[in-house]
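The chain is shown below.

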Amino acid sequence: MKRKIITTGDGSKTIQIEDWNEQYHSIHGAVQEAYHVFIKHGLSLFKDEPVSILEIGFGTGLNAIITAIEAPKSNLNIDYTGVEAYPVEAEEVAELNYIAQLNASNFEDVFNKMHNLSWEVKTEILPNFNLLKREQNFLDITDKEAYNLIYFDAFGARVQPELWTENIFGIMYNALQTNGVLVTYAAKGSVRRAMLAVGFKVERLPGPPGKREMLRATKL
């Protein structure tokens, strides 16, 4: 499918899949969305502890680099697993402007390392941040009670409805430890019902720019 780089509402770039009219991040602001959904309502729940994170849709690496930037502020040691079925090409990564938008020039080498390291090999990116990238279909994930936090950043239900069902959220539930949290930009009623059906406690929270609500699910 044809892909192109576009600029979102906050000046940060993302990848658009033209055939689907679908983007890797919100057209209202890629960086704003990442901070609001995954940091404010996910990572910020943890302080002074090791945190194991599963990202569903490693994609452009935006959520991973922001997590690496923010983790030291709360004294977190991060073990980060990014699952991606269709890895982004190096030429696309080169066009992304996240380091400039984040005013984080000291993390440029970190961002490049995230994309250049081998798949399926856990690597120390920073003293407090290990990264494992897995090229895998999300429905094939078999981890059990392995994570404290899931960033669920799959393409929307309009284009990939199979990634927003009881089946997928059952996989996510099993992958989380007790009291583990899943955050996502989505807020559809069908998504919330699927989460509830597999045992999650689900909260509706204010959404990022351009969205009224988002969801946070907790495994009790």
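The model is a predicted one.

## The eight-stranded sheet

Eight strands form an open sheet with mixed pairing, in the order E6-E7-E5-E4-E8-E9-E11-E10. Strand E6 (123–126) and strand E10 (201–206) each have a single partner strand and stand at the edges, so one side of each is left without a neighbour in the sheet. Neighbouring strands are turned by 25° against each other on average, with direction ignored.

Strand E8 (residues 147–152) pairs in the parallel sense with strand E9 (residues 176–184) over five bridges. In this pairing, Tyr147 has Leu176 of E9 as its bridge partner, and Ile150 is bridged to Leu182, also in E9. E8 pairs with E4 as well, again in the parallel sense, over four bridges; here the bridge partner of Ile53 is Leu149 in E8.

## Helices on the sheet

Helix H2 (residues 62–70) is mostly covered, with nine of its nine residues buried.

Helix H6 (residues 166–175) lies across E4, E8 and E9 and runs at about 135° to E9. Together, E8, H6 and E9 make a right-handed β-α-β unit.

## Strand E8 and Leu149

E8 is mostly covered: six of its six residues are buried. Leu149 has a relative accessibility of 0% and therefore counts as buried, the cut-off for this class being under 20%.

Which residues does Leu149 contact, leaving aside its neighbours within four places in sequence? Its contacts are Gly42, Leu43, Phe46, Val51, Ser52, Ile53, Leu54, Leu176, Val181 and Val183. The C-alpha atoms of Leu149 and Phe38 are 9.5 Å apart in space, although the two residues are 111 apart in sequence.

## The three-stranded sheet

A further open sheet consists of three strands in the order E1-E2-E3, with antiparallel pairing. Its edge strands are strand E1 (3–7) and strand E3 (22–23), each of which pairs on one side only. E1 and strand E2 (residues 13–17) are joined in the antiparallel sense over five bridges. Within this pairing, Lys4 has Gln16 of E2 as its bridge partner.

## Nonpolar core

The largest nonpolar core contains 77 residues. Of these, Ile65, Met114, Phe152, Trp164, Phe169 and Met172 touch the most other members.

Phe169 has a relative accessibility of 0% and counts as buried. Beyond its neighbours within four places in sequence, Phe169 contacts Phe152, Trp164, Leu182, Val191, Ala194, Met195, Val198 and Phe200. Phe152 is likewise buried, with a relative accessible area of 0%.

## Aromatic pairs

The count of aromatic pairs comes to eleven. One of them is formed by Tyr24 and Phe155 in an edge-to-face arrangement, 5.1 Å centre to centre and with 90° between the planes. This pair links distant parts of the chain: Tyr24 lies in the loop between E3 and helix H1 (30–40), whereas Phe155 lies in the loop between E8 and H6, 131 residues away. Tyr24 is buried, with a relative accessible area of 11%, and Phe155, at 17% relative accessibility, also counts as buried.

The rings of Phe152 and Phe169 have their centres 5.1 Å apart and their planes at 40°, so this pair is tilted. Because Phe152 lies in strand E8 and Phe169 in helix H6, the pair ties together parts that are 17 residues apart in sequence. Elsewhere, ring pairs link Phe38, Tyr80, Phe129 and Tyr151 into a cluster.

Conventions. Residues numbered from 1 in each chain as written. Predicted model: local features only at pLDDT ≥ 70, side-chain atom pairs only at ≥ 80, totals over all residues. Heavy atoms only, no water. Buried < 20%, exposed > 50% of the residue type's maximum accessible area, 1.4 Å probe, protein only. Helix = DSSP H or I, 4+ residues; strand = E, 2+ residues; numbered from the N terminus. Pairing = 2+ DSSP bridges. Axes fitted to C-alpha atoms, helices over the stretch in contact; angles between N-to-C directions. Contact = heavy atoms within 4.5 Å. Core = buried A, V, L, I, M, F, W, Y, C linked by side-chain atoms within 4.5 Å. Right-handed = clockwise from strand over helix to strand, strands pointing away. Phe/Tyr/Trp six-rings, centres within 6.5 Å; stacked < 30°, edge-to-face > 60°.
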